[in-house]
Amino acid sequence: KKCFEGIAKLKFSSTLELLAMYSAENEKVELIEIINTVEAKGAVEKWLLQLEDVMLRSIRDVIDKSRDAYANEPRQKWVLEWPGQVVLAVSQIYWTLEVHEAIREGTKGLSEYHQKLIAQMADIVTLVRGKLSKGARTTMGALVTIDVHARDIVEDMAKKGVCQENDFEWLAQLRYYWQNENCMVKLINATVKYAYEYLGNTPRLVITPLTDRCYRTLVGAFHLNLGGAPEGPAGTGKTETTKDLAKALAVQCVVFNCSDGLDYLAMGKFFKGLASSGAWACFDEF
């Protein structure tokens, strides 16, 4: 297994200083701070710990910068200028903010905002039909998936006549906020800090009402420091849903296919690793 799920390779300078990270899709993210690997005197674990810290701070920094840029340039230009993960996070931060503003104006505000979302979708579709690099196309695919869901939620709330910000129809959605210089994700009464783990530029799952219900249960459990156990027939997407929720919160998620050989010693090793890294684990066929 890899220590860093999203990092495929690193960029070093001639003096062995760490400058940037690349994902498997060859997406480049500059590090906010240069790491000098020579100082570690060959102890890889020393500079890997530094890399972990700098990776989280770099992603947070890029999200902050991208948030400022979003307000100042056209969306279809903005989506091509930032890493995929950042585009999705910032897009959802602004969506949450704009829905709050629309709800304050009542059903009329939501209906108007729904029209704005349709126009935004049309702009992205125009982009997708044009010439795009492979990485940008993956980002657009994930963005459209999330945008479609966002548009449907707003349409649904307008139909149901939501006119208060604490209406359950709205609270039951995955909402992204920028508070105290950090990205926070809220769902019903649970608040989870966005974890800033760099996950590369990957596609996202289509969100259905069932996925939403799984998210509510799992985030609610996580908020209470508990775990969750989705069950159902094989091939219905239990593991994929858990992995996609981890992507939405930027948490590293380790999937493990359990066999009969999983005894208390193996579980002990697992929990030691999870406690020290803060990652999630998904025990399949448990």
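This is a predicted model: local features need pLDDT of at least 70, side-chain atom pairs count only at pLDDT 80 or more; totals for chains, interfaces and linings use all residues.
## Basis

Local features need pLDDT of at least 70 and side-chain atom pairs count only at pLDDT 80 or more, while totals for chains, interfaces and linings use all residues. Residues are numbered from 1 along each chain as its sequence is written, and side-chain values use heavy atoms, without hydrogens and water.

## Nonpolar cores

The largest nonpolar core has 57 residues. Such a core is a set of buried Ala, Val, Leu, Ile, Met, Phe, Trp, Tyr and Cys residues joined through side-chain atoms within 4.5 Å; buried means under 20% relative accessible area and exposed over 50%, with partly exposed in between (1.4 Å probe, protein chains only). M21, I63, V79, Y176 and Y194 have the most contacts inside this core. Helix α1 (residues 44–72) gives the most to it, with nine residues. Helices are DSSP runs (H or I, at least four residues) numbered from the N terminus.

Beyond its neighbours within four places in sequence, I63 is in contact (heavy atoms within 4.5 Å) with V86, A89, V90, I93, W178, Y194 and Y196.

## Helices α3 and α4

Helix α3 (residues 84–104) packs against helix α4 (residues 106–129) at an angle of about 145°, with the axes 6 Å apart. Axes are lines fitted to C-alpha atoms over the stretch in contact, and angles run from 0 to 180 degrees between N-to-C directions.

## Cysteines

There are zero disulfides, a disulfide being a pair of cysteine sulfur atoms within 2.5 Å. The sulfur of C3 lies 16 Å from its closest cysteine sulfur, in C253, too far for a bond; C3 is exposed, at 55% relative accessibility. For C258 the closest cysteine sulfur is in C282, 8.7 Å away and too far for a bond; C258 is buried, at 15% relative accessibility.

Definitions and conventions. Helices (H or I, at least four residues) and strands (E, at least two) are DSSP runs, numbered from the N terminus.
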